[in-house]
Amino acid sequence: MSINADLYEHLNGHAALGALVGAGALARIYPAIAPTSAVLPRITYHKIANNHVHHMGGASGLTATTMQIDCWDDDSLGADLVYESVRDALDGFKGTLGNTGSNTAVSATFLNNERTDFFPPTDASQIGVHRVMMEFVFW
């Protein structure tokens with residue numbers, strides 16, 4: 001498995017997060033882009049970078065993977081609640097991501113950056129959407 005699949009399994013297995021965005025087959029956790037029919041609140045995630053660490057002798061074998069995780073809801077309080085649950089599930093995490101397959105060993109996880117956005121509706125048939133964006137670095 002990849003870090004993408006293992007991150008999905010980790011988030012999908014977090015009880016507090018499941019209470020907000022659903023769990024199991026009903027989880028509203030999507031790689032990259034959510035379907036247009038996806039209900040709020042929801043999470044999207046994608047890999048931003050893989051930084052491979054080198055030294056004068058060559059590759060060290062260490063990789064720092066940066067993942068962007070976005071928490072979406074139709075109000076800022078809801079997006080913040082999802083953000084807090086994701087932060088609780090990941091910031092400072094050490095161990096194995098994923099529950100099946102090859103799993104991803106993680107030495108440390110750090111919340112590196114965050115910001116909030118609001119995307120206003122473009123017409124009367126839409127609602128505005130709040131987002132809390134986070135960047136986590138997995139070592």
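This is a predicted model: local features need pLDDT of at least 70, side-chain atom pairs count only at pLDDT 80 or more; totals for chains, interfaces and linings use all residues.
Reader: Which salt bridge does Asp 117 form?

Author: The general idea is that a salt bridge is a side-chain nitrogen of Lys or Arg within 4 Å of a carboxyl oxygen of Asp or Glu. Here, Asp 117 pairs with Arg 131, and their closest N and O atoms are 2.3 Å apart. Asp 117 sits in strand E6 and Arg 131 in strand E7, so this pair ties together parts that are 14 residues apart in sequence. Strands (E, at least two residues) and helices (H or I, at least four) are DSSP runs, numbered from the N terminus. Asp 117 itself is partly exposed, at 22% relative accessible area.

Reader: Which residues are joined into one network?

Author: Salt bridges with shared partners join Asp 70, Arg 115, Asp 117 and Arg 131. One of these bridges runs between Asp 70 and Arg 131, at 3.7 Å from N to O. That pair links strand E3 to strand E7 (residues 129–138), 61 residues apart. Like Arg 131, Asp 70 is buried.

Reader: How many salt bridges are there by this rule?

Author: The count comes to four. Among them is Arg 87 with Glu 84, at 2.4 Å from N to O. Both lie in helix H3 (residues 76–90), three residues apart, or about one turn of the helix.

Reader: How many aromatic pairs does a search of the whole structure find?

Author: A pair of aromatic rings is described by the distance of the centres and the angle of the planes. Rings of Phe, Tyr and Trp (its six-membered ring) pair if their centres lie within 6.5 Å; planes under 30 degrees apart are stacked, over 60 edge-to-face, and the rest tilted. The search finds two pairs. Trp 72 and Phe 119 have ring centres 5.7 Å apart and planes at 35 degrees, so they are tilted. Trp 72 is buried at 15% relative accessible area, while Phe 119 is partly exposed at 36%. Phe 136 and Phe 138 are also a tilted pair, 6.5 Å centre to centre with 45 degrees between the planes.

Technical notes:
Residues are numbered from 1 along each chain as its sequence is written. Side-chain values use heavy atoms; hydrogens and water are left out. Buried means under 20% relative accessible area, exposed over 50%, partly exposed in between (1.4 Å probe, protein chains only).
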